[in-house]
Amino acid sequence: MTFAPPAAWLARLPAPPGRWLGWLPAGVVCAGAVAVFLWCGVSTRDLAVFAAYLGAGVALPGTLLWRALTGGGRSVAEDVAAGLALGYAVEVLAYLPARAAGAPLLVVVPSAGVLCAFACVPRLRRHWRGAAARERLPAWCAWALAAVVAYLIAWSTLNLYRVPISAAYVDLPYHLALVGEVKHHVPPTLPSVLGERLSYHWFVYAELASTSWVTGIEPVTLVYRLATLPMTAAMVVLVAVLGRRLGGSWGAGVAAAGVAYFLLGPVLQEGVVFTTRPMFTAWASPTQTFGALLFAPVVLLLTGGRLLTGGRGCWVALVVLLLALTGAKATFLPLLLAGLLVVVAVRWAVERRVPGAWLGAAGLTLACLLVAQFVVFGRGSQGTTIAPFAAMRGLWGLVTGVAAPELAAVPVTPLLVLTVVHLFCLLCVWGGVAALGRRALEPSMSLLLGMGAAGVGAAVVLGHPSDSQLYFLESVRPYLSVAAVCGVAGRRVSWAMSGGMVAAGAGVALLAAWVEVPGDAAVRVVVPYLVLVVVAAGVLLWRRGAVLAVVALLVGYAVPASVRELVLRVVPEGREAEIPAGALRAGRWLRAHSSPGDVVATDLHCRPVEAPGCDSRHYWVSGFTERRVLVEGWAYAESTLSRAKLFVSPYLEVPFADPVRLAANDAAFRTPTAENVRRLAEDYGVKWLFTGMNPELGKYARLRFRNSSFSVYRLTAR
């Protein structure tokens, strides 16, 4: 067997005119991202190593596997984006046993094996090029998608990358702490509460931990800067690819991406939002971003036809992606199962037979869902419960000024009214589904609509102490957007009429927001939306069957709020520093001078904000030290969220579940004595004390580090 390097094979391929010019938009975006990261303090070394590992260790093996298992997509962009998702899945599933065995660097073995196999095995070499017939991405489409990614980069730059770590989004230290935990321990526990089970979707932290091990990049650089941007960019491409596949043109694909990212529900009163859950949680929720990217190729497989015609490779890819989804994000598997069951029901009603392939996919999804619930999450729910109209109950409190616990007793009628208004706002974004007609019975469209209905239903029926049930709505946003665009794609539409209706809708929405409505607060909120409904109904009656005109009008209602929101998104928010100077240096010193199994005690539990009680979302000690803490912050612990009662006891006011431990912990800092310090060491296995300036501790523990703000003490063995 003669070996020829891939570069040599590719060099012999004829390059069509302008072939590489099609990559110019992607190149411009990548160059812009590099410039942004350098401007925001990321080192050249970290950027180069991150790009090399992501490209050669994740995306390239994933792309080769995607092509070999599924036959590849219609374009190189599709293969690379889906391949990146598959590469992430393989990486995570490889990291878990490698880390559990104490050899995390073994994570590179599968990727290296894939590259070697595809370089050495003759029948696999063709996948370096992909299929012979490739659809070139039109230049205007490439630039449009590049513009979407560029906007997301600008938004992230102004609201995260340029923000000092000390003043960044409140949840980022929590994500950082989980990366440190998974970097050193599998299976993980909650690092901020020693021994607390981690009933949370944590596979994205395995990906970040793997990247940190292989590249040597600090977890803080990955969490606060680098990690989520490639996931976000690939997701934009996959939404457009799905739109192109089901809508029949790249115009439909670009429109689907535009609706998914930029079209938001109408807002007719300042501060009162019937949310349509925009996809702007890219770095605020890495779990959502990672789960969304892994889920998109699953939908591509199910809507592409190859999976259902018996392709074994496609089933292998599906299994890998679903296994990775079991711990990536809890929302996606239930949505997929609901969509698959809708397809089965529709196929049975239309064809009077059981669609075996769809049932097989549903059975596989159910099995993975059970693994997620009983193995990964340990039956924990993180506070999610059945609580109909919970989101609208919170909105009612905002509108009327009613607070807990009275809010829990609000009658159902006003909540139903607000829910109907909320559904109308969703219709303004995704009204195009009403124009699908018989296409709604197609398996692919039934899948999207089934998942969409499940996502909307979950947002209405479920409740969570911090409104996390709305992630179900965000999770189906791309697929409802694709379905809405498919409803109007390919139809003969008068552009003048459509533009006029959009403009008219925007004008009516602005007028409804401007006119002062007499009456109480609830009336002032609801009446403007009733005006919009009346105008839409009038258009529908004026011209019978004018569904597309009404869809354009509904989109117009959403335009003013969308424009305003998108402009405000790229306006930097003023944030005060919450993490004191010297915290990172102290944390890294302790990390360098301790072992991963060492336990740290601290008296830092509450964020420095004005709030009733203790806002215990305090995680930077465990985040910076990468060590388990006896008790730091407990807001996101299962033991806290499971005790929070919606609209009665807010989760931020729920005390720590083990008051004896907390009392013993704090006594060692507040009233240091030999007995108090000894108890931490002997009863809880504490080896280190992380605190501020506390000279009294020096009498009972050895001072090892001090700067202007923090001290680190070592407990000596007795």
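The model is predicted, so local features need pLDDT of at least 70 and side-chain atom pairs count only at pLDDT 80 or more, while totals for chains, interfaces and linings use all residues. Residues are numbered from 1 along each chain as its sequence is written, and side-chain values use heavy atoms, with hydrogens and water left out.

**Salt bridges**

Side chains of opposite charge can pair when their charged atoms come close. A salt bridge is defined here as a side-chain nitrogen of Lys or Arg within 4 Å of a carboxyl oxygen of Asp or Glu. The whole structure contains 23 salt bridges.

Select Glu-474 and Arg-277 to begin. Their side chains form a salt bridge, with N to O at 3.0 Å. This pair links distant parts of the chain, 197 residues apart: Glu-474 belongs to helix H20 (residues 470-488), and Arg-277 to the loop between helix H12 (250-262) and helix H13 (286-304). Helices (H or I, at least four residues) and strands (E, at least two) are DSSP runs, numbered from the N terminus.

Are these two residues buried or exposed? Glu-474 is buried, with a relative accessible area of 4%, and Arg-277 is also buried, at 16%. The term buried means under 20% relative accessible area, exposed means over 50%, and partly exposed lies in between (1.4 Å probe, protein chains only).

Next, select Asp-683 and Arg-679, whose side chains meet in a salt bridge of 3.4 Å, N to O. Both lie in helix H28 (residues 674-684), and because they are 4 residues apart, about one helical turn separates them. Asp-683 is partly exposed at 49% relative accessibility, and Arg-679 is partly exposed at 31%.

Move on to Lys-699 and Glu-696, which form a salt bridge with their closest N and O atoms 2.8 Å apart. Lys-699 is exposed, at 57% relative accessibility, whereas Glu-696 is partly exposed, at 38%.

To finish this part, select Glu-218, Arg-588, Arg-591 and Glu-626 together; a network of salt bridges links them.

**Cavities**

A cavity is a set of points, on a 1 Å grid over the protein atoms alone, where a 1.4 Å probe fits but cannot get out; lining residues have an atom within 4 Å of a point. Grid points are joined across faces, edges and corners, and a volume is the space filled by probe spheres set on the points. The whole structure has 10 cavities of 30 Å³ or more.

For the largest cavity, select Met-235, Tyr-261, Met-279, Thr-289 and Ala-292, which are the closest to its centre among its 14 lining residues. Helix H11 (228-247), H13 and H20 each supply at least two residues of this lining, and H20 gives the most, with 4. The lining has 8 nonpolar, 5 polar and 1 charged residues. In this division, Ala, Val, Leu, Ile, Met, Phe, Trp, Tyr, Cys and Pro count as nonpolar, Asp, Glu, Lys and Arg as charged, and the others, Gly among them, as polar.

The last stop is the second largest cavity, with a volume of about 60 Å³. Select its lining residues, including His-175, Tyr-205, Met-231, Trp-283 and Pro-286. Helix H8 (172-184), helix H9 (203-215) and H11 each give two or more residues to this lining. Which helix gives the most? H9 does, with 3 residues. By class, the lining of the second largest cavity has 9 nonpolar, 2 polar and no charged residues.

Note on methods: On a 1 Å grid over the protein atoms alone, a cavity is a set of points where a 1.4 Å probe fits but cannot get out, and a pocket is an open set with protein on both sides within 12 Å along at least five of seven lines; lining residues have an atom within 4 Å of a point.
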